[in-house]
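Okay, thanks for coming, everyone.

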Amino acid sequence: MKGIKSLFCLLGFALFVLSSCTEQKNEQLALDKSTAEEVVDVMMSRRSIRAYKPEPVPHEIMDVILKCGINAPNGMNRQPWEIRVVDNQEMLNAMTDLYLKDMDADDPRNPKKDPNFRNMFRNAPTVVFIAMKPGLCSQVDCGLLAGNMVNTAWAYGIGSCIQMAPKEFMNSEEARPYLEKLSFSEGYEFLMVIGFGYPDQSPEAKPRDINKIKYVGM
């Protein structure tokens, strides 16, 4: 009788442990689902921002954005990027003045057509300059880096805009002194700019063509 009682105690304890583990697993699954939904919401709600409040992004937030950026997937872990952050408004304004110096006022690229114009980087107060080391996957890797950064920024309430337009200017002879100030390593090519700042607009989402997605079977 005593043995049977002990057996029932052991079975009860086992069921209790199993129940506890199941509850913890379910709680973990619920937490994972909640986290996944938050991530999806960030990615679906993010917009490219072209109007910013004047204050730069605090360095402690930029540090998180940058760390998430460099943790993007990349081919063979080559990490073919180098990143420079500029939030010195005098430097951004000086680059802008040089960019506009020989530009025709009627040029459609002239950013002064924006009534809120402050600088050539879509008026962003914090600008990230990205260079890449040429290679098979380098542009893709840098694109993934940029994607991580802009989505992380949005999660912190920071707007952003990925810009390729400054590439020609930054690689020009006139802008060479500023490119040298960014001090990218030898063998790296300037690729893109990302502007960051607190949004001063709330643009609507542009439609996406879901028909471009297809599942293919045998």
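Let me start with a definition: rings of Phe, Tyr and Trp (for Trp, its six-membered ring) pair if their centres lie within 6.5 Å, and the planes make the pair stacked if under 30 degrees apart, edge-to-face if over 60, and tilted for the rest. What you see is a predicted model, where local features need pLDDT of at least 70 and side-chain atom pairs count only at pLDDT 80 or more, while totals for chains, interfaces and linings use all residues. Residues are numbered from 1 along each chain as its sequence is written, and side-chain values use heavy atoms, with hydrogens and water left out.

So, how many aromatic pairs does a search of the whole structure find? Four. One of them is Tyr99 with Phe169, an edge-to-face pair at 5.2 Å centre to centre and 80° between the planes. Tyr99 sits in helix α3 (residues 89–101) and Phe169 in helix α5 (residues 166–170), so this pair ties together parts that are 70 residues apart in sequence. By helix I mean a DSSP run of H or I with at least four residues, and by strand a run of E with at least two, numbered from the N terminus.

Buried here is under 20% relative accessible area, exposed is over 50%, and partly exposed is in between (1.4 Å probe, protein chains only).

Another edge-to-face pair is Phe121 and Phe129, 5.5 Å centre to centre, again with 80° between the planes. Phe121 is buried at 0%, and Phe129 is buried at 0% too. Ring pairs also link both of them with Phe184 and Phe190 into a cluster.

Let's step back to the overall layout. The protein has six helices and four strands, and from the N terminus on they run α-α-β-α-β-α-β-α-α-β. Of the 218 residues, 33% are buried.

Next, the inside. A nonpolar core is a set of buried Ala, Val, Leu, Ile, Met, Phe, Trp, Tyr and Cys residues joined through side-chain atoms within 4.5 Å. The largest one has 24 residues, and Phe121 and Phe129 turn up again among those with the most contacts inside it, along with Met95, Val127, Met170 and Leu182. Which element gives the largest share of this core? That's α3, with five residues. There's also a second, separate core of 21 residues, including Val128, Leu145, Leu191 and Ile194.

Now for some helix packing. Helix α2 (residues 59–70) and helix α4 (residues 138–155) pack at about 145°, with their axes 7 Å apart. Those axes are lines fitted to C-alpha atoms over the stretch in contact, and angles run from 0 to 180 degrees between N-to-C directions. Contact, meaning heavy atoms within 4.5 Å, involves residues including Ile65 and Cys68 of α2 and Leu145 and Met149 of α4.

One last stop: the loop between α2 and β1 (81–86), where Met76 sits. Most residues other than glycine have a negative phi. Met76, though, has a positive phi of about 55°, and Met76 is exposed at 81%. Asn77 is in that loop as well, with a positive phi near 55°, and counts as exposed at 52%.

That's my tour, so over to you for questions.
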